[in-house]
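Please look over the sequence and the 3D structure below before reading the notes.

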Amino acid sequence: MEKAKLSVIQLFALMFIFEMGTALVVSYGTNAGKDAWLSILLVMCGGIVLFYIFYFLFRQYPNLLFTGYIREIFGKYVGWIVGLLYCLHFMYICGRNVRELGDLLVSSTLSETPLLAINLTLVLVMCYVIHLGIEVVGRTAEVFFVILLLLGAGGNFFVLVSGDVDFYQIRPFLEHGWKPILTTAFPHLLIFPFGEMIAFTMLLPYLNRPKLVKRAWLGAVISSGLILSWMFVLNTSVLGIDVMQRSVFPTLTAVGKVNLFDFIERLDAIVVFTLLITVFFKASIYLYAAVIGITDLFKLNSYRQILFPIGTIVIFLSLAMASSFSEQGEEGFLVQYLSVALLIVIPLLMLVVSIIRNRFKKKMN
Amino acid sequence: MSQRGIPMRHKPLMLIVVCVFVVLLSGCWDREELQQLSIVSGMAIDKGSDKIKNRYRVTVQIINPSQVSGGQQGGKVQASPVTTFTETGSTLAETLRKISTKSPGELFFPHLQVLVIGEKVAKEGIEDLFDMIERDAQFRVLFPVLIARGHATAKETLEVTTSLEAIPSAKIGDALKTSEEDWGTYKSTRADQVVQGLKEGSVMVTGIKIDGETKSGNATTNTQQISPSAQIEIKGVALFKNGKLKNWLDGHAARGVTWVTNEMKRTVMNLNCGKKKEATAIEISRAKSSTHVTIKHQKPVIYITVHAEGAVLENNCSKDLGKSQVLGQLDEQLEEEIKQEVLLTVKKAQKQKSDIFNFGEQINMADKHVWKNIESSWEKDIFPETEVYVNVEAIIRRTGMTTKSYLNK
């Protein structure tokens with residue numbers, strides 16, 4: 001473990017940006033039709049429940065990384081293997097995020113640039129920031145958090161005053177009943193992005209005031225849930241549910257429609273920039289989690305030794321994981337089952353095991 | 001930097017890396033030199049010679065920047081401010097790429113101002129024309145779509161030169177906007193609205209037509225005449241059903257559409273004065289309409305409410321408009337006039353069995369269970385039979401600079 005301290009504000013900024021990452025821009029929750037905003041709110045509550053699981057485990061082992069206390073709970077060997085599984089998962093998701101950003105840039109703005117060039121530059125910058133330490137990542141996040149808020153406020157303002165918004169488009173309420181709302185919410189939306197917060201269990205020991213974790217984490221979950229839900233409403237009331245469901249990047253399409261006085265137009269850059277910022281931090285956190293986890297599991301001296309090799313693997317993964325955008329999307333749905341296990345089932349199991357252990361310990365005493 | 005783990009001996013290396021990055025990062029795969037782009041200002045799609053290999057004839061209008069940018073041309077011969085290239089092909093994308101054999105640079109679409117579709121293509125179906133436009137990131141879906149009406153092809157319509165605006169497609173776009181704002185009869189349809197309409201079944205698209213001799217439109221000499229022998233004119237609203245052009249709405253029937261869809265900005269309406277027909281002109285300066293659906297016996301009933309405010313523009317009639325009672329009568333006349341227009345349009349749409357106003361979605365909002373039952377048979381069986389009530393409230397606020405006209409009769 002490196003010696004570093006994160007402030008609560010930095011942690012909140014990181015978490016918030018992390019949650020916004022890709023979910024803000026990619027087609028999110030549209031299977032639930034016009035009621036997806038409700039799905040997102042439901043899932044936000046699920047995210048709060050998940051938080052309490054992680055929080056309980058963190059309180060048990062406040063000085064250990066996730067990969068550390070997984071070995072405490074499951075035993076040395078099983079815990080080690082499961083821990084490695086998590087590290088691989090973090091690496092894979094990091095690659096996915098990088099790939100998603102590359103795909104957006106290639107299909108929207110840089111149509112002739114090879115994917116490799118985009119992914120390579122992004123991962124290089126990520127490696128550089130992580131090389132400087134998690135504190136630097138945190139401080140950078142603080143700065144970009146403000147920029148992100150300004151971009152968001154600007155984008156929202158222009159869309160709202162553009163006259164394209166028709167809130168009636170999200171009616172009727174419960175168009176197809178509760179079923180699609182629940183099936184979309186659980187498990188798909190719960191994993192992405194709320195379940196993904198598990199990556200932060202690798203950062204919590206660095207907090208300078210661990211007692212404030214609760215505030216930062218819950219604040220991030222609730223604010224991002226509300227914002228994601230609002231963005232769905234806004235996008236749908238600009239595009240209509242039909243375009244929304246067909247669109248690959250609905251926010252990009254919705255913001256692209258803004259045309260004020262034939263003067264303020266082509267605001268797509270705001271969305272691309274938002275995605276760039278959020279994905280940069282999201283992928284960085286995943287990369288850091290993977291690297292620090294591996295360092296912990298293999299008892300290395302410094303995570304800097306393996307940062308660049310892992311970065312290279314991430315670049316390779318991001319290019320090789322799928323041959324087309326559609327394939328990548330389908331793969332995402334397959335990975336979902338694994339994610340359910342990793343992000344929900346195993347933490348739950350850990351919770352149960354650690355409660356039972358505590359009982360035994362008390363009885364023994 | 002040296003404190004952060006990069007030793008001094010690495011400094012020269014770092015310097016080289018930085019220099020390389022400066023070169024690499026500033027470069028870009030997707031750079032386009034401005035002078036190498038052919039900026040497309042308008043696009044026209046006509047029917048090709050056969051059904052498979054040459055399904056479409058696509059024309060693009062490219063701006064000639066040196067002619068548009070003004071400035072003295074000296075003794076040079078005036079070239080036309082735009083030029084067009086035409087190709088045929090079976091898909092839009094293929095045809096547009098083929099044009100590169102003729103055009104000097106790569107076609108650049110973000111500044112596309114109008115898309116004109118030939119009437120023949122429209123009759124056969126426009127469903128296939130918009131996928132590429134929606135899919136390609138280069139296109140913005142905010143440009144208006146028009147249907148070239150009558151015997152002139154879309155290409156010819158796009159090529160009519162005009163004297164006040166150098167670029168014909170810009171002139172079409174401006175004329176459309178002005179007519180929409182001042183005359184209120186022919187609303188413009190953006191490409192994204194067409195796509196949505198195609199998905200739902202029925203859509204309306206504005207018509208455009210050449211007034212005069214088609215042949216002489218395509219020459220700069222056309223603009224040298226005070227009264228050009230060919231002019232373009234926005235005319236009619238084309239009614240599409242399942243992607244095919246079915247019918248044209250003109251005049252009052254077309255204005256009814258603008259009333260119902262709450263897109264009326266300004267227009268002028270004539271009222272009768274006793275026996276004198278169409279004697280008083282009223283300007284509608286503000287209008288708002290809303291649609292409300294109630295369900296009666298599992299059947300939808302549609303209520304359309306229109307609020308309009310206006311002023312008297314012209315009064316060829318001896319009535320004293322200074323009296324509020326007289327104005328009150330005019331209000332009622334105006335209300336009746338608007339109501340008739342709306343009903344005329346609704347009747348036409350019902351006869352065509354196409355729900356151009358998207359009442360279906362309103363029913364879905366009002367009662368989703370009823371909508372689910374009738375959705376499949378809505379346009380075919382239920383919409384033509386549905387009761388539509390129109391309620392208009394019109395108020396004439398002002399009478400201009402005079403009250404009573406100088407006319408005595």
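The notes below cover nonpolar cores and salt bridges.

This is a predicted model, in which local features need pLDDT of at least 70 and side-chain atom pairs count only at pLDDT 80 or more, while totals for chains, interfaces and linings use all residues. Residues are numbered from 1 along each chain as its sequence is written, chains are lettered from A and ligands numbered from 1 in the order in which they are written, and side-chain values use heavy atoms, with hydrogens and water left out.

**Nonpolar cores**

- A nonpolar core is a set of buried (under 20% relative accessible area, 1.4 Å probe, protein chains only) Ala, Val, Leu, Ile, Met, Phe, Trp, Tyr and Cys residues joined through side-chain atoms within 4.5 Å.
- The largest such core has 133 residues, and A:Trp217 and A:Leu287 are among those with the most contacts inside it.
- Helix α11 (residues 268–298) of chain A gives the most to this core, with 19 residues.
- A second, separate core has 62 residues, including B:Leu146 and B:Ile363.

**Salt bridges**

- Over all chains there are 26 salt bridges, each a side-chain nitrogen of Lys or Arg within 4 Å of a carboxyl oxygen of Asp or Glu.
- A:Arg139 pairs with A:Glu135, their closest N and O atoms being 3.8 Å apart.
- B:Arg286 forms a salt bridge with B:Glu309, with closest N and O atoms 3.4 Å apart.
- This pair links distant parts of chain B, 23 residues apart.
- B:Arg286 counts as exposed (over 50%), at 58% relative accessibility.
- Salt bridges that share partners join A:Asp242, A:Arg246, B:Glu134 and B:Lys199 into one network.

Note on methods: Helices (H or I, at least four residues) and strands (E, at least two) are DSSP runs, numbered from the N terminus.
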